[in-house]
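Subject: Structure handover

Hello,

Here is the structure I promised to pass on. Please open it first, then read my notes alongside.

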Amino acid sequence: MTGPTDPVPADDDARLRRLLDDFAPGDDRLAALRARFVRSASDAEAIDVSYRTLDSPVGRLLVCATTVGVVRVAFDVEGLDGVLERLAAAISPRIVEAPAALDDAAAQLDEYFRGERRSFDLPLDRRLSKGFQRIVLEHLPDIAYGGTESYAAVARAAGSPRAVRAVGTACATNPLPVVVPCHRVVRSDGTPGRYRGGMAAKQILLDLEAAS
């Protein structure tokens, strides 16, 4: 008998693939089968990371959560399959597309992008942030909606005034962009600076907040 973390036997995997091949992508039976699988896996506590995707003004977003909270928000430009592979290595291979588990996160992100939400009220799993990066990222929600701070100002707030470059790296590798607002950190001359989702996405977020 296989345990919850054991790989699916090759014969069973082949049968599952043949079964799924019988369904067209839009077949309601496939959606029902997927939903049944997610319910069964959830009931068996066999899901360590749930994920869903959603469209946004900055492109498609991948949102992932553990039982602790939202653990990763990723932009399409990061390569979503690669993001999931890295999460499997860093957290657990038991990753399942389970949109309902992220309904609250999706709703709050939609409200934010409509200009109806200025801060997020979501449990966060910060295990992907370590050391100084975590100190920096924990400060970012203190930057007011629609406002900005320079990398130098954030370095001072984090207790290391000379660590401006490290602040830039912490923001550029933020595992929870948008929700943890690293887009509000800009260069001293006011130009946006680097961003995980690309400079265009960063400017979109800054403009959205400035207009609200």
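Strand 2 and strand 3 run antiparallel, joined by 5 bridges. Strands pair if DSSP finds at least two bridges between them. Helices (H or I, at least four residues) and strands (E, at least two) are DSSP runs, numbered from the N terminus. In strand 3, valine 70 is the bridge partner of alanine 65.

A word on the source. This is a predicted model, where local features need pLDDT of at least 70, side-chain atom pairs count only at pLDDT 80 or more, and totals for chains, interfaces and linings use all residues. Residues are numbered from 1 along each chain as its sequence is written, and side-chain values use heavy atoms, with hydrogens and water left out.

**The sheet**

Strands of a sheet pair through backbone hydrogen bonds, either parallel or antiparallel. Here, 4 strands form an open sheet in the order 3-2-1-4, with mixed pairing. Strand 3 (70–75) and strand 4 are the edge strands, and each pairs on one side only. From one strand to the next, the twist averages 25°. Angles run from 0 to 180 degrees between N-to-C directions, and axes are lines fitted to C-alpha atoms, for helices over the stretch in contact.

Helix 4 (residues 103–113) packs on the sheet. This helix touches strand 1, strand 2 and strand 3, and its direction makes about 30° with that of strand 1.

**Strand 1**

Which strands does strand 1 pair with? One is strand 2 (residues 61–65), antiparallel, through 5 bridges. There, serine 50 has alanine 65 as its bridge partner. The hairpin of strand 1 and strand 2 has 6 residues between the strands, and glycine 59 in it takes a positive phi near 95°. The other is strand 4 (residues 95–97), parallel, over 3 bridges. Tyrosine 51 stands opposite glutamate 97 in strand 4.

Strand 1 is mostly covered, with 5 of its 6 residues buried. Buried means under 20% relative accessible area, exposed over 50%, and partly exposed in between (1.4 Å probe, protein chains only).

Now look at arginine 52, in strand 1 (residues 49–54). Why does arginine 52 count as buried? Because its relative accessibility is 18%. The arginine 52 side chain reaches the backbone oxygen of proline 99 at 3.0 Å. Beyond its neighbours within four places in sequence, arginine 52 is in contact (heavy atoms within 4.5 Å) with Leu61, Leu62, Val63, Pro99, Leu102, Asp103 and Ala106.

Helix 5 (residues 131–139) and helix 7 (residues 164–172) pack at about 75°, with their axes 9 Å apart. They are therefore roughly perpendicular. That label covers 65 to 115 degrees; under 35 is roughly parallel, over 145 roughly antiparallel, and the rest oblique.

Helix 5 brings Phe132, Gln133, Val136 and Leu137 to the contact, and helix 7 brings Ala166, Val167, Ala170 and Cys171. These residues divide into 7 nonpolar, 1 polar and no charged. Ala, Val, Leu, Ile, Met, Phe, Trp, Tyr, Cys and Pro count as nonpolar, Asp, Glu, Lys and Arg as charged, and the others, Gly among them, as polar.

Alanine 170 of helix 7 is buried, with a relative accessible area of 3%. Leaving aside neighbours within four places in sequence, alanine 170 is in contact with Gln133, Val136 and Leu137. The C-alpha atoms of alanine 170 and phenylalanine 132 are 7.8 Å apart, although 38 residues separate the two along the chain.

Best wishes

How values were computed. A polar contact is a pair of N or O atoms within 3.5 Å; within protein, one must be able to donate a hydrogen and the other to accept it, and residues adjacent in sequence count only if both atoms are side-chain atoms.
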